[in-house]
Amino acid sequence: MTDDRPRGRALIELDRVEKRFDEVAALKGVSGSIMEGEFFSLLGPSGCGKTTLLRLIAGFDEPTRGAIAIDGKPMAGVPANLRPTNMVFQSYAIFPHLDVAQNVAYGLRRLRLGREETARRVEEALGMVDLAGYGKRAAHALSGGQRQRVALARALVMRPRVLLLDEPLSALDKKLREQMQVELRRLQRAVGITFILVTHDQEEALIMSDRIAVMFDGEIAQLASPETLYRRPVDRRVASFIGVMNFFDARVTGESAGLIELDVAGLGPVAIPPEQAPGGRNAAGTTVGIRPEMLTLLFSDTERAEHEVSGEVVDAVYYGDMTYYDLKLPGTERPATVSMRNTAGRPVLRPGDPARVGWGRESVILLA
Amino acid sequence: MSRADAGAMPARPSGIRRLLRGEAAQGLVLVSPTFLYALLLLAAPLTLVLLISFWTQDYLELDRTFTTANYAEAWSDPLYRLLMGRSLVISGVVTLTTVLLAYPIAYFVAFHVERNKALWIFLITIPFWTSYLLRVFLWKVILGYNGVLNSALLGLGLVDQPLTFLLYNANAVVITLAHAWAPFAILPIYVALAKIDRSLLEAAEDLGDGPLRRFWRVTLPLSMPGVIAAALIVFIPTVGDYVTPRLVGGTDGLMIANMIQVQFGKANNAPLGAALAVSAMAIVAAISLVFLWLNRRFTRGGG
Ligand SMILES: Nc1ncnc2c1ncn2[C@@H]1O[C@H](COP(=O)(O)OP(=O)(O)OP(=O)(O)O)[C@@H](O)[C@H]1O
Ligand SMILES: [Mg+2]
């Protein structure tokens, strides 16, 4: 497991930030630090307050309560044009009355760099986003992906301390999006600027980020590295938002030798170390989560696992390299999903077939 | 006709019906009222004026031999040139004043009114439900020798004599026209401002612009189509206005349309009046084209 402690120096500090719009509480006390040079993502479902938080950092809105500091300086009352941040807007916000080069040079004018230096920096920024030579194009003659890259170049050319990206890839088709994800990550490493990316796409957040803040309903539910989020989600919401998770009803039966003893419906008794209960624990009825790839189907009698349980295949979905099985286990209503790699000689089971499922205690996560 | 034939009718429509069912025919039918309307009310009178402008008045008759003498006179006589020039200047000033007055109002409603924008726009138009003549006379009451303004200035001791440059001159025409056309200028500017994507303004701010620079570099250029539309809406009809100059313009405020009216009426020289009208129209058209060209430059982007 990766070390989850943030490295380096905190660039942005959020201290119990709240934001209300009339009756709507968009943010209900968000705290945390974003490190210098980090690729940080805000991940959460629609309406959870991601854009609101980004706009507070950019300076388009002021928090109702709480404080934001960038580079150690409190930002209260500092307007957006005086903050060391630049934003790539969800709608790209390309100026329609300017051409590509004029768009990219927009913020440079204030710096009075002179004609040649400005042109050089614009060309350099366009080169970074793979649009060298597009300077004279009119804004309306650009494709969605090109617009997005112009918006990126326009922000990067300012060499900000922090680049804020509000779902910059959501308007692109799948292929271009995947390409841009890799591209953005590469770019961020190359320029060393702190990126804060807003997304509701968990896969995108996992692929790109150093750390992710998962938000629900105006609050950060968990702030951790992608690996920790996937392997040690603190609660059911986080667990089901990131990847696929099987949930089992469970009961804490006791504690011995530093292990938490559980009785899991459908799987039986198991004892886990406290690290596998990242969200703490409730005494009585709780939930346990196991990822589909942590469950194994045992095809031959000689195959053994730490724990075994018998069930029946309800559904099998064949993906080529993988097969996803839904299994009915005794003592539980909800079928459990198991993913199996289709290696040579391994049969594909059909609905109705009996199946033996193996699992290990290290795959069990106790969810708050 | 037998019942069988009657039954077959819908399947084999008659010639006219078939014609009416075609898509092109349906289109024609749809536009024909508008087309007829345009033909009768716009094209026909215009053609007539154009024709007359090439004829000659012969007492009560019109001499229909082709001549360009009317145009020669219209373009060379110093009086007509003066009136034409004055009309353009007055219209230009009216346009400028109206747009400058309308812009802040439109801006306020577009950016600073949170709720009920439509209601605000509606309220702005209320004064203009009264008759135009009533409003002109209102300005007479305000600007006149014994008018509201002079009484107030005298009462405050700011002047010893009533001001005489207020009414019956070009100033009065400009004030009255600017007031009359304000709502027509507010609307297009408002629409252009309301259409501006707010994230563009935030982007400008994000890239370092303070409010003034942002206005100058983003808001104003992007609202230019509305400004130009407003300018055209005000400029085109005011060049040809003759009611306002007649009522509040005195002799110094008379415009080309007053002369056209005189030619068609008292002077009994319809061809010369027509030539003046066509000339004015041509000049206005040329100026409008310049405006439209400007508009394209602002909206094109790049270059
Ligand atoms: N200007 C505003 N006025 C009133 N309510 C607002 C405003 N902006 C946001 N909200 C509310 O605050 C909450 C959070 O909105 P926000 O835009 O931050 O969500 P989000 O996480 O960015 O969602 P999405 O993924 O859909 O963009 C929502 O309930 C929204 O309705
Ligand atoms: Mg959002």
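How many residue pairs are in polar contact between chain B and chain A, counting pairs with both residues at pLDDT 80 or more? In this predicted model, the count is eight residue pairs.

**The side of chain B that touches chain A**

Three elements of chain B each give two or more residues to the side that touches chain A: helices H10, H11 and H14. The largest share, seven residues, comes from H10(B). Sorted by class, this side of chain B has nine charged, eight nonpolar and seven polar residues.

| Helix of chain B | Residue range |
|---|---|
| H10 | residues 198–206 |
| H11 | residues 211–239 |
| H14 | residues 270–300 |

On the two sides, 24 residues of chain B are in contact with 28 residues of chain A. Together the chains bury about 2200 Å² between them, and 52% of this area lies on carbon and sulfur atoms. B:Asp206, B:Leu207 and B:Arg217 supply 33% of the area that chain B buries against chain A, more than any other three residues.

One salt bridge is counted between chain B and chain A. A salt bridge joins the side chains of A:Arg55 and B:Glu202, with a distance of 2.7 Å from N to O.

**Chain A by itself**

Chain A contains 20 strands and eight helices. Its C-alpha atoms fill a box of roughly 75 × 45 × 40 Å along the principal axes. Chain A has 368 residues, and 49% of them count as buried. Among contacts in chain A between residues at least 6 apart in sequence, 67% join residues at least 24 apart.

Conventions
Residues numbered from 1 in each chain as written. Chains lettered and ligands numbered in written order. Predicted model: local features only at pLDDT ≥ 70, side-chain atom pairs only at ≥ 80, totals over all residues. Heavy atoms only, no water. Contact = heavy atoms within 4.5 Å. Buried area = accessible area lost by both parts, 1.4 Å probe. Salt bridge = Lys/Arg side-chain N within 4 Å of Asp/Glu carboxyl O. Polar contact = N/O pair within 3.5 Å; in protein donor to acceptor, adjacent residues only side chain to side chain. Helix = DSSP H or I, 4+ residues; strand = E, 2+ residues; numbered from the N terminus. Nonpolar A, V, L, I, M, F, W, Y, C, P; charged D, E, K, R; others polar. Buried < 20%, exposed > 50% of the residue type's maximum accessible area, 1.4 Å probe, protein only.
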